[in-house]
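Notebook open, viewer open. I want to jot down what I look up as I go, starting with the terms.

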Amino acid sequence: MKTATEVKKISDKEDLSVALSIRRKVFVEEQGCPPELEWENDDVSIHFIARYNGHPAGAARWRKTENGYKLERFAVLKEFRGKKVGTALVNAVLSDLPSTTDTVYLNAQLSAVDFYITLGFQKQGSQFEEAGIQHYKMIKALNG
């Protein structure tokens, strides 16, 4: 059977609830991030959900900040990792940005830096801590 990953922009409360539960499982329960940090800026973000063969598998969001467009909260449930769900999420989020977008940025956990490099992102600056986890800021130039 051919597997299929589908990513869609969230437009209803049910999908948003599922996406937030994925993020809670990955960031709060699995990684120990403070819950109050996990939900900040949700109200000003564009959210996405990924399904793998129809099963909720991942979530992500983007938002406009004073520094440009920021990709955030990429989370893939443990049982779906290594199945290209993260790649599908990044591609869907990038394709949703305004066509005039020149560059985007994100804060990548150390364990995800190599993943983002394969998708064309580059490390910028020094390593830093966010929510108790080491990160690098990463940027990607777009052909917008």
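I call it a contact when heavy atoms come within 4.5 Å. With that cut-off I looked up Phe121: leaving aside neighbours within four places in sequence, Phe121 touches Leu71, Val90, Val104, Leu106, Tyr116, Met138, Ile139 and Lys140.

Ground rules before I go on. This is a predicted model, where local features need pLDDT of at least 70 and side-chain atom pairs count only at pLDDT 80 or more, while totals for chains, interfaces and linings use all residues. Residues are numbered from 1 along each chain as its sequence is written, and side-chain values use heavy atoms, with hydrogens and water left out.

For burial I use relative accessible area: buried is under 20%, exposed is over 50%, and partly exposed is in between (1.4 Å probe, protein chains only). The core has 39 residues, and Leu71, Tyr116 and Phe121 have the most contacts inside it. H1, S2, S3, S4, H3, S5, H4 and strand S7 (133-141) each supply at least two of its residues. Those labels are DSSP runs numbered from the N terminus: helices are H or I with at least four residues, strands are E with at least two.

I also checked helix H3 (residues 85-96). Its 12 residues reach 17 Å from first C-alpha to last, close to the 16 Å expected at 1.5 Å a residue; the expected span is 1.5 Å times one less than the number of residues. Buried residues in H3 include Val85, Leu89 and Val93.

**Sheet**

What is the strand order of the open sheet? I read S1-S2-S3-S4-S5-S7-S6, seven strands with mixed pairing. Strand S1 (5-9) and strand S6 (122-130) are the edges, each pairing on one side only. Pairing here takes at least two DSSP bridges between two strands. Neighbouring strands are turned by 25° against each other on average, direction ignored; the axes are lines fitted to C-alpha atoms (for helices over the stretch in contact), and angles run from 0 to 180 degrees between N-to-C directions.

Then I followed S3 (residues 55-65). Eight of its 11 residues are buried, so S3 is largely enclosed by the rest of the structure. S3 runs antiparallel to strand S2 (residues 46-52), with seven bridges between them. Strand S4 (residues 68-76) is also antiparallel to S3, and seven bridges join that pair. I traced Trp62 both ways: it is the bridge partner of Ile46, and in S4 the partner of Trp62 is Leu71. Lys64 has Tyr69 as its bridge partner in S4.

The turns came next. The hairpin of S2 and S3 has two residues between the strands, and Asn53 there takes a positive phi near 50°. Another hairpin joins S3 to S4, again through two residues.

**Salt bridges**

I count a salt bridge when a side-chain nitrogen of Lys or Arg is within 4 Å of a carboxyl oxygen of Asp or Glu. The structure holds 11 of them. Asp15 is in two that I looked up: one with Lys8 at 2.8 Å, N to O, and one with Arg51, also at 2.8 Å. The second pair links distant parts of the chain, with Asp15 in helix H1 and Arg51 in strand S2, 36 residues apart. Both Asp15 and Arg51 are buried. Lys8 comes out partly exposed, with a relative accessible area of 33%.

Arg23 and Asp42 meet at 3.0 Å, N to O. Arg23 sits in helix H1 and Asp42 in the loop between H2 and S2, so the pair ties together parts 19 residues apart in sequence. Both residues are buried. Shared partners join Arg23, Glu38, Asp42, Arg61, Arg63, Lys70, Glu72 and Arg73 into one salt-bridge network.

**Spot checks**

Gln124 lies in strand S6 and is partly exposed, at 36% relative accessible area. Apart from neighbours within four places in sequence, Gln124 contacts Lys137 and Ile139.

Is Ser111 buried or exposed? Its relative accessibility is 72%, so Ser111 counts as exposed. I found Ser111 in the loop between strand S5 (103-109) and helix H4 (113-118).

Pro34 is in the loop between helix H1 (13-30) and helix H2 (35-38). Its C-alpha is 8.8 Å from that of Gly132, although the two are 98 residues apart along the chain.

Terms used:
A nonpolar core is a set of buried Ala, Val, Leu, Ile, Met, Phe, Trp, Tyr and Cys residues joined through side-chain atoms within 4.5 Å.
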